[in-house]
Amino acid sequence: MKLYYSPLACSLSDHVALEEVGLSFERESVNLKTKRTASGRDFNEVTSKGYVPALVLDNGETLTENIAILDWISTQYPSLGIPGPLGRTRVLEALTYLSTELHRSFKPMWHAGSDADKARAKATINGHFKFISSHLKGNYLFGGAPTVADFYLFVMLLWAERFDLDVPPPLAALRASMKSRPAVQRAMRAEGLYQEENA
Ligand SMILES: N[C@@H](CCC(=O)N[C@@H](CS)C(=O)NCC(=O)O)C(=O)O
């Protein structure tokens, strides 16, 4: 299995998930501007979508789209989901919100939006963080243990840090407890982010 990622991109959530379950996997970073992988391969040959994450399975099939990849991992490893008849649906509900509402709201921050676009994005992001914070069911989204949805949320909490955005105290606490997890530290170290975190 091989994960294609870019440092601090949404693919960090998949990277953390694979580390959390202790899978042995290969990983290769992708330069999103040049669409070249670290070994010099044209990333469009891996996926013509040209964006990360992409996960190449052992049978040669390539999975794309963060929601689908995180859902696939938590289906293989149910400890990263939540139990019960609606468990998978609730996690998908959270992943979809994170992807289509929160992740999307960050675009002007990453892509040289105008000051007005950035101010609007900041207000939208704040609103989403408040909503999420008021719906936590414990230290993490669904209680006392993180799910794949927390890994996705964590990446966006790192983005908030990157762009100096305040987050509600429960989400700052969630981010801090995620950072203390060995699997998270392994994934961040592999992406060259851990030293930066601890500098
Ligand atoms: N629809 C995709 C979007 C993934 C996405 O936005 N990836 C970003 C990094 S977080 C990326 O690779 N951007 C580079 C590009 O679109 O050229 C998903 O949900 O997985």
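The legends below accompany close-up views of a predicted model. Residues are numbered from 1 along each chain as its sequence is written, and side-chain values use heavy atoms, with hydrogens and water left out. In this predicted model, local features need pLDDT of at least 70 and side-chain atom pairs count only at pLDDT 80 or more, whereas totals for chains, interfaces and linings use all residues.

**View 1. Gln 76 in helix α2.** Gln 76 belongs to helix α2, residues 66-76 (helices, H or I, of at least four residues and strands, E, of at least two are DSSP runs, numbered from the N terminus). Gln 76 is partly exposed at a relative accessible area of 42% (buried is under 20%, exposed over 50%, partly exposed in between, with a 1.4 Å probe and protein chains only). Val 21, although 55 residues apart from Gln 76 in sequence, is 9.7 Å apart from it in space, C-alpha to C-alpha.

**View 2. The largest pocket.** A pocket is an open set of points on a 1 Å grid over the protein atoms alone, where a 1.4 Å probe fits, with protein on both sides within 12 Å along at least five of seven lines, and its lining residues have an atom within 4 Å of a point. The largest pocket holds about 830 Å³ of space, and among its 30 lining residues Ala 9, Leu 32, His 103, Lys 107 and His 111 lie nearest its centre. Helix α3 gives the largest share of this lining, 4 residues.

**View 3. The second largest pocket.** This pocket has a volume of about 300 Å³, and its lining includes Arg 90, Tyr 97, Phe 131 and His 135. The largest share of the lining, 5 residues, again comes from α3.

Conventions: Grid points are joined across faces, edges and corners, and a volume is the space filled by probe spheres set on the points.
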